[in-house]
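Subject: Structure for you to look through

Dear colleague,

Here is the structure that I promised to hand over, with its sequence. Please open it first and keep it beside you while you read my notes below.

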Amino acid sequence: MLNLISSSVLLFAFPLFLVVYVFYKYFTNPLRKIRAAHALAPFTSLWIHSIRWRSVENATLRGAHERLGPVICLGPNEVSVNCVKGGIRDVYAGGFEKGGDGAGHNWYRFFANYGGVDNMFSTGGNKRHSTRKRMLSNIYSKSVVTASPALLAQTASILYDRFLPYLASTFSQSQPGVLNIYALLSATTMDIVTGYIFGLQSSSNLIDNPKQLAWYLDLYNSRRSYNFWPQELPGLTSFLEKLGYRLVPKWVDEANREIEKWTKGMCERAAGALRQGEIGVKETPVVYQQLAVALSKEAKKAGGEKTDLSLPIASEVLDHLAAGFDTSGITLTYVIHELCLHPEIQADLQREIRSLSPPIVPSSVPTLPAPKTVDALPLLHAVIWETLRLHSAIPGPQPRVTPPQGCCLGPDEHPYYVPGGVRVSASAGLLHLNEEVYERATEWRPERWLGLDKVDEEKRKDMESRWFWAFGSGGRMCVGSHLAVYQMKYIIAALYSNYTTTVVDDTGIEQIDSYTAPPKSNKLMVRLERLETRGM
Ligand code: HEM
Ligand SMILES: *[C@@H]1O[C@H](CO)[C@@H](O)[C@H](O)[C@H]1NC(C)=O
Ligand SMILES: *[C@@H]1O[C@H](CO)[C@@H](O)[C@H](O)[C@H]1NC(C)=O
């Protein structure tokens, strides 16, 4: 009898309790007033998890915002915003935290390296983050990047001694002038970014080492499809791992260890160069040196003179080199793809680049034109900005957590109350499709960026800053944006000084649905032709 009672309790009472509980949670959740992306969204996060697991988040969010407006509910504890006022202005410029330190799940903890050593990007709380950002923002500021003799010498050396000779060497293969430009661009951005961080002698040379390049890209890209579990469900992932069931295969961890080891090697070489003193301009490890000095000052203040700083430094610079090469390489690949599809714009750009003085090619003394002159080329700027808009390298959600006291989101006429501890995000790829700001928004039209000094001030601000979100905004905005633009402009200028490009094979050029979004195929095959043979 007793048995029967207890089993019927289990059979009926427990499911009943669960249903009551879910409805109770629903009716007491302020998010139920926000239009839901799916009927299940206000009840359970299983729906949004399944969307992410299937890698269809981008298209799903786009469709949902089109149907339901600028603020939508994605789960019982999550919303997505797609507007400036009551949206990114409040969340990002308003300094909502990434979470952690007891304030909800920090989605970015996943980007800590060396077994959980935090860096600027992975740090949750604003206070710890801004201490670190203050150490680094100056060396990445536009004025310092533009005026840096070290960066200019490093860039000149990489373009004249590696990049241009590599392009010329493709003409002696069986298919003259044909190459996977995505791989070369990734190598070039990695070499320039690590050059600035570690100094040229201590940095990577992936352009001249195709084997090492393939090794790195393979390690880096192979991990991507396993990000879902540790990033979205870190508790479950480590719990199952303790039971002996791995959701992420062992080789992914091993790939991470290898990338970490590689980075540590560059750190050690830079430290060695600094100890020797007397280093040339090109060899200056600008970022490494700044970080090492600032961190040891901090440690001294805290009374820990003997603290070993090698891991905090390595974790920080590993994030910069990964963020720096990946995003710039992706953007450049789409610049080249669009220029292949728009030969008339390509020809105009070549004319503009050839007006540089001194010219990049032909050049009797390999000297780059000044950064300011390159930065001032209007069409080059327009082509890069339009690509950052339409093919953002980080097109999807950048999650933050609402503050403990909660907040109001949505347009003034119709705000929604959102309690504290809720995950909230916006997506560059969706903000950039606003037809009121970017007419014919799905088309690549660099001309929209030309002559902006003549248009209405409000319109210009909308296009250039309020709705332009390729680098994010607020205190956690991209620290490397000026370095990114600097290297992208020089690389495009060098390539189109001497060559014309056409597509050989662009199957799989669509961006994958993940945090950083390279082409599905990880390649873009193009054919180079010597510029003169086509005439100007
Ligand atoms: C086209 C190139 C680039 C794009 C589109 C880009 C985009 C972004 C975006 C959108 C964020 C904010 C992400 C978020 O909060 O989820 C970010 C942050 C960051 N980026 Fe970039 N980035 C680029 C190049 C670079 C370069 C060259 C570096 C090298 C130093 C870099 C280093 C960083 C770092 C360290 C952060 C974290 C900043 C913080 O937490 O305060 N990025 N980037
Ligand atoms: C996002 O999805 C849309 C289809 O809804 C597609 O046209 C667009 O290219 C996608 N963008 C990215 C970055 O995946
Ligand atoms: C320009 O292209 C031609 C043809 O590939 C090559 O021979 C020449 O070296 C290139 N110039 C530079 C500076 O790379």
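Leaving aside residues up to four places away in sequence, Asp326 touches Tyr220, Arg224 and Thr516, where contact means heavy atoms within 4.5 Å. Asp326 lies in helix H14, residues 310-341; helices (H or I, at least four residues) and strands (E, at least two) are DSSP runs, numbered from the N terminus. Asp326 counts as buried because its relative accessible area is 2%, the classes being buried under 20%, exposed over 50% and partly exposed in between, with a 1.4 Å probe and protein chains only. Between Asp326 and Asn498 there are 172 residues in sequence and 25 Å in space, C-alpha to C-alpha.

Before you read on, please note that this is a predicted model, in which local features need pLDDT of at least 70 and side-chain atom pairs count only at pLDDT 80 or more, while totals for chains, interfaces and linings use all residues. Residues are numbered from 1 along each chain as its sequence is written, chains are lettered from A and ligands numbered from 1 in the order in which they are written, and side-chain values use heavy atoms, with hydrogens and water left out.

Next comes the iron atom. Which residue is the only protein donor of the iron atom of ligand 1? It is Cys478, through SG at 2.3 Å; donors are N, O and S atoms within 2.8 Å of the metal (3.2 Å for Na, K and Ca), and sites may look incomplete because water is not among the atoms. The UniProt annotation "binding site", from an unreviewed entry, covers Cys478, although such annotations may be inferred rather than shown by experiment. Cys478 sits in the loop between helix H19 (457-466) and H20, and it counts as partly exposed because its relative accessibility is 35%. Gly480 has its place in the loop between H19 and H20, but Gly480 counts as buried, since its relative accessibility is 17%. Gly480 and Tyr140 are 340 residues apart in sequence, yet their C-alpha atoms are 5.9 Å apart in space.

The axes of helix H7 (residues 149-169) and helix H20 (residues 481-498) come within 11 Å and cross at roughly 35 degrees, where axes are lines fitted to C-alpha atoms, for helices over the stretch in contact, and angles run from 0 to 180 degrees between N-to-C directions. On the H7 side the contact is made by residues including Leu151, Thr155 and Phe163, and on the H20 side by residues including Tyr486, Ile491 and Leu495.

The UniProt record, again an unreviewed entry, places the feature "transmembrane region" at residues 6-24, 139-160 and 180-199. In the model, residues 6-24 are 100% helix and 0% strand, with end C-alpha atoms 25 Å apart. Residues 139-160 are 82% helix and 0% strand, and the end C-alpha atoms of that span lie 25 Å apart.

Finally, some details of the backbone. Ser357 and Pro358 are joined by a cis peptide bond, with omega about -5 degrees, and Pro358 is found in the loop between helix H15 (343-354) and helix H16 (371-375). Glu278, a residue other than glycine, has a positive phi near 45 degrees; Glu278 is exposed, because its relative accessible area is 85%.
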